[in-house]
Amino acid sequence: MNRLLIRYSLLSLCVLIHGCTSDYQFLKSVRVDNGCGRVTSPTWVGTSWYHTSVDVTGKHLSGLVLIKNMPDSSRRIVFTSEAGVTFFDFGFDQNGRFSVHSIIKKLDKKPIINTLEKDFALITGIPFKSGDVQAWSMGNEIYFGVQQKKETAYFITNKDCSSLRRLELGTKMKRKISVRIARNGYPLPDSLDINHYTFPLRIQLIRFEKE
Amino acid sequence: MSYSVHLRFSVTCLMVAGLVSHIDTSVYAQYPGYTPVRDIVSFKKQFSQESTKVLSITSEFTQEKTLMALTEKITSTGKFWFKRSNRVRLEYSKPFTYLVIMSGDRILLRDHQKETRVNAKSNKLFQQVNRIMIDCVQGTILESKDFTTRVFENEITLLLEMTPVSKTLKEFFKTIVLSVDKKDYSAKSILMNEPMGDITLISFDHKKLNEPIADTVFAP
């Protein structure tokens, strides 16, 4: 019984320590290298189609995502089924303000829309367009971050700033979203892999050329 | 009949006639070169009889999705198989790969990541969408309770314009227009008009009718 109690206490302590550990606790503030930030900042240009799969709470669905820069510098994101039915049509205006042009009832729920807004804002580089950029180093990586209310959006490069490694969104304590980017990255990334850490959601986008 | 009653009656007749002629004009404007089929009851009977002669279809297909507000069009192509009754295989090959097999109530979906099996019975929306494609190609769409139908024709083609009845389908489609070849009663194209104005046109080309197709093609 005693041994069981010790084991239980150790386990609880581990969970407690891990729970209190911040994913960003080892970030060290560094001077912002504007040249580096400008070169590697994720900036979306043009129009791209992606074959997309979504895994959410054990369920899988797929479709096509169109990300299009409009002539007035706004941006539209449309998700359709492969057979052509439109599920949603979102927009970000020139100032990054988000709007829903259309969405089917099954998806028309605030938590879903908020989640997708954050995902698409992050992958199209909207937080980095106008916010004050700060920089930190951790290991052999540089984190460029822009504060957004209670969260920070990061684009993360290697130390010599030669490549963009990934994007993240997190609170002070916890990483909430990370985006892995294919070797052929911005301005039109070949593939994007969006992972959520606060609930089981993964969105994978693979670019294809229109016929 | 007093003069005023007679006048009122005549004006009403004119108004009704005017409305009818207006409807006809709008129909012609909507589908130029087509006239409405008036005797729907006998048409349904004939359509049902003729359609049953199509036992299988193998064809290529081209799907064009137009996003009106974004002036964006995407074209995809692939192969299509149908076997009476209730079996369809759609295999997209360009510019992405995607497979749909419908066999009765069983549906298999295969994208670039995963294979998913769905039982249409357990999902009302899947069941309704699944039935549209099957009903369109096997000629049973006129019996569907999910739509009200208007029929138009010219010398070589029948147009079946279907308007969804249920709220669920209305959310996805304003109308679906099925174009049928009069010579063999096989589907030529399916046009899906969405409520926000986007359209998807699936056209069937190089059709081979009533050639044997192995059951394994539809194994979900």
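This is a guided tour of a predicted model, taken one selection at a time.

**Stop 1: chain A as a whole**

Select chain A. Its secondary structure comes to 4 helices and 13 strands. The C-alpha trace spans about 65 × 45 × 30 Å along its principal axes. Of its 211 residues, 29% count as buried. Now think about contacts between residues at least 6 apart in the sequence of chain A. Of these, 39% join residues at least 24 apart.

**Stop 2: the largest nonpolar core**

Select A:Val65, A:Leu122, A:Ile123, A:Tyr154 and A:Val179. These residues have the most contacts inside the largest nonpolar core, which has 39 residues. Which helix gives the most to this core? Helix α3 of chain A, residues 110–123, does, with 5 residues. In general, nonpolar side chains tend to be buried together in soluble globular proteins.

Stay with A:Tyr154. Leaving out residues up to four places away in sequence, A:Tyr154 touches A:Tyr143, A:Phe144, A:Gly145, A:Leu167 and A:Glu168.

Then move to the other core. A second, separate core has 38 residues, including B:Phe82, B:Val129, B:Ile176 and B:Val180.

**Stop 3**

Select residues 133–138 of chain A. This is strand β7, and A:Trp136 is found in it. Is A:Trp136 buried or partly exposed? A:Trp136 counts as partly exposed, because it has 19 C-beta neighbours inside 10 Å, whereas a buried residue needs 20 or more.

Show the surroundings of A:Trp136. Setting aside neighbours within four places in sequence, its contacts are A:Leu27, A:Lys28, A:Ser29, A:Val30, A:Tyr143 and A:Gly145. Next, pick A:Arg38, which is 98 residues from A:Trp136 along the chain. The C-alpha atoms of these two residues are separated by 16 Å.

β7(A) and β8(A) run antiparallel, joined by 6 bridges. One bridge pairs A:Met138 with A:Glu141 in β8(A). The hairpin of β7(A) and β8(A) has 2 residues between the strands, and A:Gly139 takes a positive phi near 60° there.

Look for A:Ile142, whose bridge partner in β9(A) is A:Thr157.

Carry on to A:Cys161. This residue lies in the loop between β9 and β10 (164–170) of chain A. A:Cys161 has a positive phi of about 65°, although it is not a glycine. Most residues other than glycine have a negative phi. A:Cys161 counts as partly exposed, because 15 C-beta neighbours lie inside 10 Å.

**Stop 4: where the chains meet**

Show both chains. The contact takes 23 residues from chain A and 24 residues from chain B. On the chain A side, β2 (47–56), β3 (59–69), β4 (75–80) and β13 (201–208) each supply at least two residues. β3(A) gives the most, with 4 residues. By class, this side has 7 nonpolar, 9 polar and 7 charged residues.

**Stop 5: the sheet of chain B**

Select chain B. Its secondary structure comes to 4 helices and 12 strands. Of its 220 residues, 28% count as buried. Among chain B contacts between residues at least 6 apart in sequence, 45% join residues at least 24 apart.

Trace the open sheet of 12 strands. The order is β1-β8-β9-β10-β11-β12-β2-β3-β4-β5-β6-β7, with antiparallel pairing. Which strands are at the edges? They are β1 (35–36) and β7 (115–119) of chain B, each pairing on one side only. β1(B) pairs with strand β8 of chain B, residues 147–153, over 2 bridges. There, B:Pro36 has B:Phe152 as its bridge partner.

**Stop 6: backbone details in chain B**

Select B:Arg84 and B:Ser85. A cis peptide bond joins them, with omega about -5°. B:Ser85 lies in the loop between β3 (72–83) and β4 (87–94) of chain B. B:Asn86 is found in the loop between β3 and β4 too. B:Asn86 has a positive phi of about 70° although it is not a glycine. B:Asn86 is partly exposed, with 18 other C-beta atoms within 10 Å.

Finish at B:Lys94 and B:Pro95. The peptide bond from B:Lys94 to B:Pro95 is cis, with omega near 0°. B:Pro95 lies in the loop between β4 and β5 (98–103) of chain B. Most peptide bonds are trans.

Notes: Residues are numbered from 1 along each chain as its sequence is written. Chains are lettered from A and ligands numbered from 1 in the order in which they are written. This is a predicted model: local features need pLDDT of at least 70, side-chain atom pairs count only at pLDDT 80 or more; totals for chains, interfaces and linings use all residues. A nonpolar core is a set of buried Ala, Val, Leu, Ile, Met, Phe, Trp, Tyr and Cys residues joined through C-beta atoms within 7 Å. A residue is buried if 20 or more other C-beta atoms lie within 10 Å of its own, exposed if 12 or fewer, and partly exposed in between; C-beta atoms are placed from the backbone. Two residues are in contact if their C-beta atoms, placed from the backbone, lie within 7 Å. Ala, Val, Leu, Ile, Met, Phe, Trp, Tyr, Cys and Pro count as nonpolar, Asp, Glu, Lys and Arg as charged, and the others, Gly among them, as polar. Two strands pair if DSSP finds at least two bridges between them.
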